[in-house]
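Let's take a walk through a protein model together. Keep the sequence and the 3D view open as you read.

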Amino acid sequence: MSFNDDPRRYEHLSAIRLEDPDAVARAAAARRRHPGLKYGTQNFIVAADHPARGALSVGSDPVAMADRRDLLDRLQIALANPAVDGVLASPDIMDDLLLLGALEVKLVFGSMNRGGLAGLVNEIDDRFTGHTAAALDALGADGGKMLTRICLGDPDTASILEATAKAVDSLAARKLIAMVEPFLSVREANGKVRNDLSPDAVIKSVAIAQGLGSTSAYTWMKLPVVAEMERVMAATTLPTVLLGGDPDAGQDEVFASWQAALALPGVQGLTVGRTLLYPADGDVAGAVATAASLLKTTELLKTPAKVSE
């Protein structure tokens with residue numbers, strides 16, 4: 001797929017930011033909201049918060065996400081598909097999309113903690129440097145997402161758990177969704193942080209993360225697709241969206257794994273970024289359409305089951 005290569009195609013965004021920064025707030029206030037969430041109708045959210053953590057790589061390209069114009073092109077192609085329900089983005093990208101009018105009738109999730117920079121010596125100390133709950137409320141957003149890496153050998157884990165709990169409470173107080181993305185992580189001998197994607201590790205991360213905060217009423221899980229997803233989803237009653245990550249497998253294999261996981265109870269949809277925005281064949285629209293075809297759109301839950309006394 002060819003993209004617009006005019007280097008000035010987003011120059012108007014710079015002009016607006018310079019001369020009329022209040023335009024972002026006005027665009028947010030004027031935006032039409034998503035009609036609402038419904039069990040049985042799975043949601044498709046495109047993730048675009050990686051650059052704010054210094055994570056610019058996709059596959060073998062270490063700077064694939066470095067060109068903001070190219071990223072905005074790809075995001076607008078994805079969001080133009082009516083099956084795409086919304087976006088998960090850092091404040092800078094969110095503001096660009098608002099100014100572009102690309103978030104009409106979409107779900108909007110802000111990325112809250114981007115301080116755990118990729119490769120940082122204290123990467124586990126993932127401080128909340130992005131959206132706040134108050135800012136998301138003012139923007140008319142639907143919720144906020146927080147990456148919560150649990151490294152049992154790193155003392156900074158305690159502080160990130162506490163910060164996540166406070167964010168969950170702050171969002172819940174405003175009736176906003178807390179999308180928690182937990183991992184059990186380890187630091188390799190070379191200092192690199194690696195997420196343990198074994199089923200038992202993912203299940204343990206879910207057990208810890210869903211207990212953070214004084215209420216889980218507005219909490220969702222954002223989980224990787226791993227082996228034995230039936231066991232993973234049996235670990236929670238919270239609505240869960242599946243993340244895509246930066247897959248090593250081929251696209252067909254990835255889509256097949258998503259399809260199997262999407263069939264499980266409690267899975268509310270996909271929150272995927274790099275896999276669809278930067279497909280190997282360059283066809284963003286095609287990758288998005290294929291992923292959208294995997295989602296359930298029929299209301300499955302008619303009558304709540306009666307709880308025996």
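## Before we start

This is a predicted model, in which local features need pLDDT of at least 70 and side-chain atom pairs count only at pLDDT 80 or more, while totals for chains, interfaces and linings use all residues. Residues are numbered from 1 along each chain as its sequence is written, and side-chain values use heavy atoms, with hydrogens and water left out.

## Two aromatic pairs

Rings of Phe, Tyr and Trp (its six-membered ring) count as a pair if their centres lie within 6.5 Å; planes under 30 degrees apart are called stacked, over 60 edge-to-face, and the rest tilted. That rule gives two aromatic pairs here. One of them is F109 with W220, a tilted pair with 5.9 Å from centre to centre and 45° between the planes. F109 sits in strand β3 (residues 107-111) and W220 in strand β7 (residues 219-224), so this pair ties together parts that are 111 residues apart in sequence. Helices (H or I, at least four residues) and strands (E, at least two) are DSSP runs, numbered from the N terminus.

F255 and W258 make an edge-to-face pair, 5.3 Å centre to centre with 65° between the planes. These two are three residues apart in helix α9 (residues 251-262), which puts about one helical turn between them. An α-helix has 3.6 residues a turn, so residues three or four places apart point the same way. F255 is buried at a relative accessible area of 6%, and W258 is buried too, at 2%.

## Where α9 meets α11

Two packed helices are described by the angle between their axes and the distance between the axes. For α9 and helix α11 (residues 284-292), the axes come within 10 Å and cross at roughly 25°. The axes are lines fitted to C-alpha atoms, for helices over the stretch in contact, with angles running from 0 to 180 degrees between N-to-C directions. So α9 and α11 are roughly parallel to each other (under 35 degrees; over 145 is roughly antiparallel, 65 to 115 roughly perpendicular, and the rest oblique).

Which residues make the contact? On the α9 side they are Q251, F255 and W258, and on the α11 side A287, T290 and A291. Contact means heavy atoms within 4.5 Å. These contact residues divide into four nonpolar, two polar and no charged (Ala, Val, Leu, Ile, Met, Phe, Trp, Tyr, Cys and Pro are nonpolar; Asp, Glu, Lys and Arg are charged; the others, Gly among them, are polar).

## Two buried residues

R53 lies in the loop between β1 (43-48) and α3 (68-79). R53 is buried, with a relative accessible area of 15%. Setting aside residues up to four places away in sequence, R53 touches R114, G116, L117, A118, E123, L147 and R149.

A133, in helix α5 (residues 133-139), is buried at 4% relative accessible area. A133 and R174 are 41 residues apart in sequence, yet 7.7 Å apart in space, C-alpha to C-alpha.

## Covered helices

Is helix α4 (residues 91-99) mostly covered or mostly open? It's mostly covered: seven of its nine residues are buried. Just after α4, G101 takes a positive phi of about 70°.

In helix α7 (residues 199-209), the buried residues include P199, V202 and V206. Their cover includes β4 (143-150), β5 (177-187), β6 (193-196), β7 and α8 (229-233).

Technical notes: Buried < 20%, exposed > 50% of the residue type's maximum accessible area, 1.4 Å probe, protein only.
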